[in-house]
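Hello,

Here is the structure for you to look at. My notes come after it.

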Amino acid sequence: MDIRSNRQIVDKCLEEAPYSALRILKKLREMGFDGGYSIVRAYVSSRKMDLNEKATVRFETLYGFLTNSCPHWKKLVSLF
């Protein structure tokens, strides 16, 4: 078995949680995978970068809300 035939398993693990390549390798070995750590690490690393890009969300506030242009901003900040 090689990494190509196990991509779905690795992807499923990474969707559950950001598991390390070593943990995923152990799981694959239990299923009969005979590949090495470096190939699993390379694939896991590339998938994590893809997942991180999907997780980035742009956040915008209304114009002037909680900015220096808001007259009450300094009073609100001083309360905290």
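Below is what was found in it.

This is a predicted model: local features need pLDDT of at least 70, side-chain atom pairs count only at pLDDT 80 or more, and totals for chains, interfaces and linings use all residues. Residues are numbered from 1 along each chain as its sequence is written, and side-chain values use heavy atoms, with hydrogens and water left out.

The protein chain has four helices and zero strands. Helices (H or I, at least four residues) and strands (E, at least two) are DSSP runs, numbered from the N terminus. Of the 80 residues in the protein chain, 21% are buried (under 20% relative accessible area, 1.4 Å probe, protein chains only).

The largest nonpolar core has 12 residues, including Ile3, Phe33 and Val40. Such a core is a set of buried Ala, Val, Leu, Ile, Met, Phe, Trp, Tyr and Cys residues joined through side-chain atoms within 4.5 Å. Helices H1 (7-16), H2 (21-30) and H3 (37-55) each give two or more residues to this core. H2 gives the most, with four.

Val44 belongs to this core. Leaving aside neighbours within four places in sequence, Val44 is in contact (heavy atoms within 4.5 Å) with Val10, Leu14, Tyr19, Ala21 and Ile24.

Now the H1 and H2 pair. Ile9, Val10, Cys13 and Leu14 in H1 meet Ile24, Lys27 and Leu28 in H2. The residues of this contact divide into six nonpolar, no polar and one charged (Ala, Val, Leu, Ile, Met, Phe, Trp, Tyr, Cys and Pro count as nonpolar, Asp, Glu, Lys and Arg as charged, and the others, Gly among them, as polar).

Best wishes

Methods:
Buried < 20%, exposed > 50% of the residue type's maximum accessible area, 1.4 Å probe, protein only.
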